[in-house]
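Me: Hi! Could you walk me through this structure, starting with the loops and then the helix packing?

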Amino acid sequence: MNEPYAKTLAQLGVHGLEEASRGLNTMTKALEERFHAFLQKAIDSRTTETLTYVDQGLYMRMILRTIASVGKTCIHRAEFYNITADKTARDKESEALDKALRSILLAYEGVYYVQPALDRGDTIVSMTSTGWSSGTFHDISATAKDFAEDFIHPGDRERYLAFVQTDNVYGLAAKSERSLAVSVFRVLRSDGSYMWMKFTCLVLDERNGKPFLLLVSRNAFSDQNDFKEYLELLLKTSDFDQRLFERTQGDRTAPIWAAFLQHTDLKIFWKDRDRRFLGASQSFLDYYGFTSIDTVLGKTDEEVGWHIDDQPFQNDELDVIERGRVIHGALGQCIIAGMPHKIRASKFPVYENGKIIGLVGYFEDMDDELQQEILKRDLSLVNPVTGLMGYRGMLMAGLEYADNYRLNSEDYTALLIDVPAFDQLHRVLDENAQERLLKRIATVLTDALPPSATIAQIGACKFLTFQKNLTDDSLHERIDQITADLQSIHEVDGFPCTLYTHYATAHGAEVRSLDALLQILAERLKDAEEQEYGPSVYIGDRIAFEREIFDDYDECVFIGDPETLTVAYCNKKALQMLHVPEGTAYQGKPCYEFCCGRDTQCDDCPLPFLSRGKFRSELTHNDFAGADLLIRSTLIPWRGKNYIFSIGIDLGDFASLGHRQDALTRRELAASDAIRIGLREPDPQSGLTKLLASFGRRFACDRVLIFEETPDTVNLTYRWESPDVPPLDDAFSVPRAEVAHFYERFIHKETFKIRDVSAYWKTHPSDAPHIPSLDRIIFSRITLDGKPYGFLEAINPPGVAMDDAAQVLATLSRFAAILLRNRDLMTDLARAGKLDQMTGVYNRRGLLEAIEHLIPGARYALVFFDVNGLKKTNDTQGHKAGDRLIKNTAATLRSVPAAAVFRMGGDEFLLLKRIQSDSDIAPLIADLHQRFERAGVSTAIGATTIKAPVDDIDAALSKADEKMYDDKKLHYATRHLN
């Protein structure tokens, strides 16, 4: 050990080899595992390895290389650096590590550094969702009790206080492989609701008195929405616990199951291995008219005697118990109130320790469902073919929307869609074929429209939908999808067809009644048909001669839909020019994508200049096809509507027009298109997504991905994926150590290709792939001004395009870095703009935003504060002391539960807290006085109440301000008398 190495150890409080060895034997399990893995990696690789970690609050770096080894004995050369003490490293690497750490902290609701040896804790990230913040706190036990009293659910408090006991934390951490103690508790949020949160204690270095980090994050259980689906999944898992059957009072999940079984509409029951009832939900008991479970407890179905034929039920349950079979929707009969009813039952095995101990099931009454369906059809509420609402159902739903708009001013959108081609097909199709076609059309509508939309069939093939909170842009995207999906139907029972659509839209705010809304929809639909196509457009499936004559025509022929800008027909010559194999399905694809390889409509699209009976001619070069063309275009009536008809003459077949643009030009055009699409987006995140999509489509990749890096992992943050590949997990992340071989290659070359992945893995067996179906990969490093962000990854581009794609990807990586930097800057600016920089509380801008989001109808206390004696403190003790007084005032206000704090300027603060009534003001002010007295701060206080929404916040602030100055005058008058 040389002198610099010893000096670096001394900065950690370690003196000499003997003390360093003792330190290695007393480090935490997590750090010990990292050192062991690091050492083994150096031995295996025989190359220089680097480890960065935190010790004693300092960033440390160790560089290790194995020089020689005999058996299990090795000689290593080790270099040891204190990055924090090294100014050059601190300016660069430490800053990067700090930024990465701050990014990681965003994943937690709260982060606290607890030092039991000093009976002290420090707030790193405050739990803003609860409104609780304590800064630095002393007396850990008392702080925990206060927090439990104010924020932990009463049912969890005793368990929480036991968990945070220091001895318990150390005990649980000692049993953990990673020095962790973990539990979950319900925590009160600022809106008055409770949320399940995960509390993790990470015990740190024992040499510093065993401090630990308390990390608070949201529990995934809080986001469970579909409880029925969750229940079925839980019932089918092999580790399902027997406690549900035993109904033990000691089970902490018992209250949850008790509430569910008491109030669910599902008729749930569970049995033991002998098929005897152990319990049932309240809905099950009510259905049979039982006052308690005792009526069937311990009995089989045969003993109860409610099945006409017991055998099917008995066979199903034996299959579940003896073979582990899961049964869904088995049909049968059950006697209820003296009448046989058709039921549909589902049953699942329940496992304990790998053995089936019983079954759980539920059933539905088919007769009840059938009666409801018959009633709906008798009332014409539901169309019997499509299952959509009928005309009467549409009227009832429409009146509900209209009444809601009149009473609550919630606007809604109406969409009227007509498929006129159905009227023609009606004459040639039999009844069964008509019904099948109607069902296909109804499926297209329900798939394209939001689940919250109401859809009615009000004519032979005419549909009306109502929807709230739907923007016009979103509506037209869905209309385009409906149009494209319907036009992909080219044949019904052997009859060729094109299902074009006519549509009209209107808003409830445009009219005074539902009748008026239906009238303007009908007028707009009629106007749209006549203006777009003229009064006579239905001349069958012919143009003016047989369309088939173009199939083998010597020139390129193209027919497209001007409404959707999609391809309807290309002849063989056109497909050959576009390098599309015969037999490829192309109908319905966007013309700008199929013919020009673009993501948006062409800038020089001739559509605005086209009309019936007149050709438009132009000379153009198609970069996508690599051809110079003379194109003549017009509009023709075809299949009941106008279509674009174009004939293209490939000039290369007749005369030499010079050399084609070379590969470099194509690469530049591809990069320019992607960059233009990405940078024109105002939101950098949207720009990144579109940049990836442009590249992926241009080079026919399976995936184009952006991975952003942290010190320990690389995380998938942006992606484009082909519709033909299964999507990756949204939380896809890979340990950085497992992709170290890529980073080693980045040192020598920022962009590199792997042309044959299977061959590469054979020569690099330790570098296992993390993404399925890899054939070819291109990697490009993302850096900007020396700052690394991560890398771009293009997966499975065509082999012949690898070189071009790699050069374009290298160009795009620079612009991706700019977009990532802009994203981070916009995030920081948005947050900084609402916070006071000195105290960390909200500023006046933050107040205005908070006022806009108050709960309508709720009452709030508006409390104004002015710090007494700030000028005297500044004059006598200096401005630093004054700043400390301001910060202490802010910290005291932030300690008030479920309150928002704002610094209005100088020594003035505002507190906003929801109350139930005006009588809550006096106790709140008394509590504030006590908090300020404990903190050693004197303030003048003025309070008023407001009710959301607030029409004039300035008037409310003035009222609170007047009362605050009255209090201030009283303070100085009293002090003068004293």
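Reply: Happy to! First a definition: helices (H or I, at least four residues) and strands (E, at least two) are DSSP runs, numbered from the N terminus. This is a predicted model, where local features need pLDDT of at least 70, side-chain atom pairs count only at pLDDT 80 or more, and totals for chains, interfaces and linings use all residues. Residues are numbered from 1 along each chain as its sequence is written, and side-chain values use heavy atoms, with hydrogens and water left out.

Me: Thanks. Where does cysteine 602 lie?

Reply: Cysteine 602 sits in the loop that runs between α21 (591-596) and β23 (616-622).

Me: Is cysteine 602 buried or exposed?

Reply: Cysteine 602 is buried, because its relative accessible area is 17% and buried means under 20% (exposed is over 50%, partly exposed in between, with a 1.4 Å probe and protein chains only).

Me: And what does cysteine 602 touch?

Reply: Leaving out residues up to four places away in sequence, cysteine 602 touches Tyr592 and Cys596; contact means heavy atoms within 4.5 Å. As for cysteine 591, which is 11 residues away along the chain, its C-alpha atom is separated from that of cysteine 602 by 9.3 Å.

Me: What about serine 281, buried or exposed?

Reply: Serine 281 is buried, with a relative accessible area of 0%. You'll find serine 281 in the loop between β11 (277-280) and α11 (282-288). Beyond residues up to four places away in sequence, serine 281 touches Leu261, Thr264, Leu266, Lys267, Ile268 and Trp270.

Me: Switching to helices: at what angle do α17 and α18 cross?

Reply: The axes of α17 (residues 431-448) and α18 (residues 472-487) cross at roughly 150° and come within 9 Å. Axes here are lines fitted to C-alpha atoms, for helices over the stretch in contact, and angles run from 0 to 180 degrees between N-to-C directions.

Me: Which residues make that contact?

Reply: From α17 there are Ile441, Val444, Leu445, Asp447 and Ala448, and from α18 there are Arg478, Gln481, Ile482, Asp485 and Leu486. By class, the contact of α17 with α18 has 6 nonpolar, 1 polar and 3 charged residues. Ala, Val, Leu, Ile, Met, Phe, Trp, Tyr, Cys and Pro count as nonpolar, Asp, Glu, Lys and Arg as charged, and the others, Gly among them, as polar.

Me: How do α28 and α29 pack?

Reply: Helix α28 (residues 870-877) packs on helix α29 (residues 879-894) at an angle of about 145°, with the axes 7 Å apart. Leu870, Thr873, Asn874 and Gln877 of α28 meet His879, Ala881, Gly882, Leu885 and Ile886 of α29. The residues in the contact of α28 with α29 divide into 4 nonpolar, 5 polar and no charged.

Me: What is phi for aspartate 119?

Reply: Near 50°, a positive value in a residue other than glycine. Most residues other than glycine have a negative phi, and most peptide bonds are trans. Aspartate 119 lies in the loop between β4 (110-115) and β5 (120-125), and counts as partly exposed at 35% relative accessibility.

Me: Last one: how many helices and strands are in the chain?

Reply: The chain has 31 helices and 35 strands, and buried residues make up 44% of its 978 residues.
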